Amino acid sequence: MLILDSGGVTRLSARSKSALALIRSFIDEGLWPPIVPTMVLVESLQGDPARDANANRFLKTCIIQSEVTPVIARRAAELRRRARTGSAVDALVVALAEPGGTVLTGDKTDIEALAAHARRVSVELI
């Protein structure tokens, strides 16, 4: 399972050759479509339809996960406490990736710190 944080959404929605090549490789590896938690949309979008057009087109190819259960929220709080870093959104992204998921991020430092306390979550920098 591939989970995108805001850096992942921003970079993959850029419509660049490198982004398209990366998307093709994820498709080939069976990792497509990725999951994008709704809270990531707050960090990824600007609230302007014109400026968000590429991101909104890209997000139509993703699974948007709107539910954050109390169990996931509590797990994210625990990860954040143990890592002593990361935003609430970062912690939720890592908690949703448990167990065995990969987080695609532009902020490897905070996500890796959180993932170090998670169950089998890998981190890839985009």
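Buried means under 20% relative accessible area, exposed over 50% and partly exposed in between, with a 1.4 Å probe and protein chains only. The model is predicted: local features need pLDDT of at least 70 and side-chain atom pairs pLDDT 80 or more, while totals for chains, interfaces and linings use all residues. Residues are numbered from 1 along each chain as its sequence is written, and side-chain values use heavy atoms, without hydrogens and water.

**View A. Leu-2 in strand β1 (residues 2–4).** Strands (E, at least two residues) and helices (H or I, at least four) are DSSP runs numbered from the N terminus. Leu-2 is buried, at 3% relative accessibility. Leaving aside residues up to four places away in sequence, Leu-2 touches Phe-26, Leu-31, Pro-34, Ile-35, Thr-102 and Leu-104; contact means heavy atoms within 4.5 Å. From Leu-2 to Ser-16 there are 14 residues in sequence and 20 Å in space, C-alpha to C-alpha.

**View B. The ring cluster of Phe-26, Trp-32 and Phe-58.** Rings of Phe, Tyr and Trp (its six-membered ring) pair if their centres lie within 6.5 Å; planes under 30 degrees apart are stacked, over 60 edge-to-face, the rest tilted. Two aromatic pairs are counted. Phe-26 and Trp-32 are stacked, because their ring centres are 6.4 Å apart and their planes at 10°. Phe-26 is buried, with a relative accessible area of 10%.

**View C. Helix α7 (residues 108–115) and its buried residues.** These are Asp-110, Ile-111, Leu-114 and Ala-115. They line one face of α7, because they fall within an arc of 130° seen down the axis, taken from the directions from the helix axis to the C-beta atoms. Their cover includes α5 (70–83), α6 (88–97), β4 (102–105) and β5 (122–125).
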